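Here's a quick briefing to read alongside the model. Have the sequence and the 3D view open as you go.

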Amino acid sequence: MEVSTIAAIATPPGHGGIGIIKISGPESINIALSVFRPIGSLNDPNHHSDHRSGSFSPQSRYLYYGNVVDGVSEHVLDEVLFVVMRAPGSYTAEDVVEIQSHAGPVVLKAILRSLIKKGVQLAEPGEFTRRAFLNGRIDLTRAEAVVDIINARSEKAIDMAMAQISGELNLVIQSLRSTLLDILTYVEAAIDFPGEVGGDIDIKLLAERLEDEIITKVVKLIDRCDDQNFLREGLKIVIVGGPNVGKSSLMNRLLDKERSIVTDIPGTTRDFIEDSFIASGVPIVLTDTAGIHDNPDTVEQIGIEKAWDYITGADIILYTVDAGNPVSKNDLDLFKNLRSKKIIIVINKIDLPAEQICFELPAEWRHIDSIRISALYNQGIDELKGLIAETACNTSPNLEERIVPNLRHKLSLEKALLSLITAKEGLCQSLPLELISIDLKVSLDALSEITGEGVRPDILDNIFSRFCIGK
Ligand SMILES: Nc1nc2c(ncn2[C@@H]2O[C@H](COP(=O)(O)OP(=O)(O)OP(=O)(O)O)[C@@H](O)[C@H]2O)c(=O)[nH]1
Ligand SMILES: [Mg+2]
């Protein structure tokens, strides 16, 4: 199949210092040169003054200064810097040209249009990275890490993405595959030459190897994903409590902006409100919900139902109470339904005069972390942020571990695990080796999906659709 030459504006939309247009494909250098007119004396032995004759041959990875023109009218569009990266030493492993112009949307589009007139096609989202993958320059885990870096919400998330982009996850998976392949080869040899291998001892040994060298490692990777994926997606924290206890005020203090409406009327928040912030390097997605109580009107009732949806998906609940009210039956009932969740009890309004403070922690809440704050006067908020980060780290014992599979990897790992366990049980029950071999092959394929060998095109479409255009 003939490979097209693609181009896109690689910098974000809007006005800025510089904008970059990226071109990749077999014709990228020819097409880019057809609209580039170098200026001045270039310290390049290949440089001739008659640029239009096509004799100017830029060296790979040298920066040239010149104009970009409309290839038909020779009208100058912008002065630019121009760099060529020849295959395979480029992002896509194809010939790549980058044109750095001024970053106005009009000028960037004009340059792109003049390239399109000369035959480039507009790149799809993620198409440059997809080509890097298809050309074998990076495996799929590294391609995905590119999106993680772009979307990273905290330095810890970048750290994780950097480990993945440098191929650490790829290495782990390759090593699991090679051990599995080793075991599979052994099983197949035993099928083909039944007299030579496959005795009782060998079978037991194989089952042990499967368990020790593969299954335990796959389980660890899956656990790590469960524990730490919040660094990618953000830790989901939901503020819950009765009406008027100060949930929205707390939301605003944590975000340090007036995001949620605060009034002294109970039932102010009816819909959920979501925003994000960083606590000690941990990205947090915070949701303020409608106060939950027994006699809601129709709108409140819908808000309360939504609040429960959020509670179900939450990593941590900030259960907020009003220090000026004794604990209510509503609180006790609500709390019972939250038991399976990680909770921090937030006792708000501690600025109230001492004689008005009447909240006491009920005995059944005492084993849970609690903190006293005043959302109104910004007291205890930093301590609460610290407690949130600490709770997040306690939930994930391996926070220092940099290799963290994403959800797609996790699904493939789970698929692999299922067949690995079946294979191991089959070995223990002395089932025919043909059956064991099928299970081993299924798990091998599942592991291969992670790094991208033989991955289906629709899965690739799905992965690369998350990219932006120009990456
Ligand atoms: N004294 C004092 N008042 C507070 C504090 N936090 C909130 N309030 C007041 O309590 C009232 C309710 O605050 P909100 O933040 O709207 O409470 P809410 O829990 O979101 O209320 P609903 O959305 O109606 O469920 C407002 O009058 C706030 O000014 C606090 O720390 N101290
Ligand atoms: Mg509110």
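A salt bridge here is a side-chain nitrogen of Lys or Arg within 4 Å of a carboxyl oxygen of Asp or Glu. By that rule, the side chains of E168 and R402 meet in a salt bridge, at 3.0 Å from N to O. Keep in mind that this is a predicted model, where local features need pLDDT of at least 70, side-chain atom pairs count only at pLDDT 80 or more, and totals for chains, interfaces and linings use all residues. Residues are numbered from 1 along each chain as its sequence is written, and side-chain values use heavy atoms, with hydrogens and water left out.

**Domains**

- The chain's domain assignment gives domain 1 (6-42 + 54-138), domain 2 (146-230 + 406-451) and domain 3 (234-394); such bounds come from an automatic or database domain assignment.
- Taken over C-alpha atoms, the centres of domain 2 and domain 3 are 42 Å apart.

**Where domain 2 meets domain 3**

- Four residues of domain 2 are in contact with 10 residues of domain 3, contact meaning heavy atoms within 4.5 Å.
- Between them, domain 2 and domain 3 bury about 650 Å², 59% of it on carbon and sulfur atoms. Buried area is the accessible area (1.4 Å probe) that two parts lose on being put together, summed over both.
- In domain 2, the residues that lose the most area to domain 3 are R153, K156 and F230, together 85% of what that side buries.
- How many salt bridges does the rule find across the interface of domain 2 and domain 3? It finds zero.

**Salt bridges**

- A search of the whole structure turns up 26 salt bridges.
- One pairs the side chains of R37 and E74, at 2.7 Å from N to O. R37 lies in strand β3 (residues 36-38) and E74 in the loop between β4 (63-69) and β5 (76-85), so this pair ties together parts that are 37 residues apart in sequence.
- Helices (H or I, at least four residues) and strands (E, at least two) are DSSP runs, numbered from the N terminus.
- R37 is buried, with a relative accessible area of 12%, while E74 is partly exposed at 27%. Buried means under 20% relative accessible area, exposed over 50%, and partly exposed in between (1.4 Å probe, protein chains only).
- Back to the E168 and R402 salt bridge: E168 lies in helix α6 (residues 168-192) and R402 in the loop between α12 (381-395) and α13 (407-428), so the pair ties together parts that are 234 residues apart in sequence.
- E168 is partly exposed, with a relative accessible area of 27%, and R402 is partly exposed too, at 30%.
- K410 and E414 also meet through their side chains in a salt bridge, at 3.9 Å from N to O. They sit four residues apart in helix α13, so about one helical turn separates K410 and E414.
- K410 counts as buried at 16% relative accessibility, whereas E414 is partly exposed at 33%.
- E94, E127 and R131 are joined into one network by salt bridges that share partners.

**A look at G313**

- G313 is found in helix α10 (residues 298-313) and counts as partly exposed, at 40% relative accessibility.
- Which residues does G313 touch, not counting those up to four places away in sequence? They are K236 and K341.
- G313 and K341 are 28 residues apart in sequence, and 9.7 Å apart in space from C-alpha to C-alpha.

Key: Chains lettered and ligands numbered in written order.
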